[in-house]
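Please keep the sequence to hand as you go.

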Amino acid sequence: MSIASTTQQICFLVLSATTVIGALGVVLLPNIVYSAFLLGGVFLSVSGLYLLLNASFVAAAQILVYVGAVNVLILFAIMLVNKKETLAAIPGLLVRRLLSGAVCAGLFALLLRVAFTTPWALPGPTPVGEEATIRIGEHLFTDYLLPFELASVLLLMAMIGAIVLARRDVFSTDVITGEPADQGLIEKDRTPLLIETSANAPTLLTKP
């Protein structure tokens, strides 16, 4: 075994372990911010696997689209949401977790069966080099046009959902003066609402 093949195998094992551990963290961690950052790490690891397959264009697209757009959009949506809501207890949570775990275990067993029973062609096809981008473009706009457009719609739905989640509730009238809330009211100069009349007794001022 040469040094190049050993290095490639080590990189493959490291990237695969990072992908699996990061994916488990995305699902199992209770903090959604940590899950979003781990999701970005999973996307980066998958792009590294694409590089090992000599698919540099797909790796760059993975980083630009998923890490640079989708993951950043998810982080913005999480950090812009400012709704403090008390979460009610979910009835039958243990049963739901058991059912979800059983479904995931079944899918994992199916993937293992496919991986070990499929007669894979080894070694793989010869890399096409610079023509890979041309081939990908031809397949995207001929054989895979419908999935490509569906992915665009999915990204648009994700963006709209992030905007809806990040939208802040605004009062229709000013809580102090009762004036309609518009841009002029937002930019209007105001006197301070609280002034100190004594050490422990702040007074609320209202401007007519």
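Is Tyr66 buried, partly exposed or exposed? At 37% relative accessibility, Tyr66 counts as partly exposed. Here buried means under 20% relative accessible area, exposed means over 50%, and partly exposed lies in between, with a 1.4 Å probe and protein chains only.

## About the model

This is a predicted model, in which local features need pLDDT of at least 70 and side-chain atom pairs count only at pLDDT 80 or more, while totals for chains, interfaces and linings use all residues. Residues are numbered from 1 along each chain as its sequence is written, and side-chain values use heavy atoms, with hydrogens and water left out.

## The chain as a whole

The secondary structure of the chain comes to seven helices and two strands. Read from the N terminus, the elements run α-α-α-α-α-α-α-β-β. Helices (H or I, at least four residues) and strands (E, at least two) are DSSP runs, numbered from the N terminus.

Of the 208 residues in the chain, 12% are buried. Contact means heavy atoms within 4.5 Å. Among the contacts in the chain with a separation of 6 or more, 47% come from residues 24 or more positions apart.

## H1 against H2

Two packed helices are described by the angle between their axes and the distance between the axes. Helix H1 (residues 3-28) packs on helix H2 (residues 32-52) at an angle of about 155°, and their axes are 8 Å apart. The axes are lines fitted to C-alpha atoms, for helices over the stretch in contact, and angles run from 0 to 180 degrees between N-to-C directions. H1 and H2 are therefore roughly antiparallel to each other. Angles under 35 degrees count as roughly parallel, over 145 as roughly antiparallel, 65 to 115 as roughly perpendicular and the rest as oblique.

Residues of H1 in this contact include Cys11, Phe12, Leu15 and Val26, and those of H2 include Leu38, Leu39, Val42 and Leu49. The residues of the contact of H1 with H2 divide into 11 nonpolar, nine polar and no charged. For these classes, Ala, Val, Leu, Ile, Met, Phe, Trp, Tyr, Cys and Pro count as nonpolar, Asp, Glu, Lys and Arg as charged, and the others, Gly among them, as polar.

## H2 against H3

H2 also packs with H3, at an angle of about 175° and with axes 8 Å apart. That makes H2 roughly antiparallel to H3. The contact involves, among others, Phe37, Phe43, Val46 and Tyr50 of H2 and Gln62, Tyr66, Asn71 and Ile74 of H3. By class, the contact of H2 with H3 has 19 nonpolar, five polar and no charged residues.

Asn54 sits in the loop between H2 and H3. Although Asn54 is not a glycine, it has a positive phi of about 60°. Asn54 is exposed, with a relative accessible area of 53%.

## An aromatic pair

A pair of aromatic rings is described by the distance of the centres and the angle of the planes. The whole structure holds two aromatic pairs. In one of them, the rings of Phe43 and Tyr66 have their centres 5.2 Å apart and their planes at 50°, so the pair is tilted. Rings of Phe, Tyr and Trp (its six-membered ring) pair if their centres lie within 6.5 Å, with planes under 30 degrees apart counted as stacked, over 60 as edge-to-face and the rest as tilted.

Phe43 lies in helix H2 and Tyr66 in helix H3 (residues 56-80), so the pair ties together parts that are 23 residues apart in sequence. Phe43 is buried, at 15% relative accessible area.

## Residues to look up

Gln62 is in helix H3 and is buried, at 9% relative accessibility. Leaving aside residues up to four places away in sequence, Gln62 touches Phe43, Val46, Ser47, Tyr50 and Val67. Leu39 lies in helix H2 and counts as partly exposed, at 21% relative accessibility.

Ile163 is exposed, with a relative accessible area of 55%. The C-alpha atoms of Ile163 and Phe76 are separated by 9.4 Å, and these residues are 87 apart along the chain.
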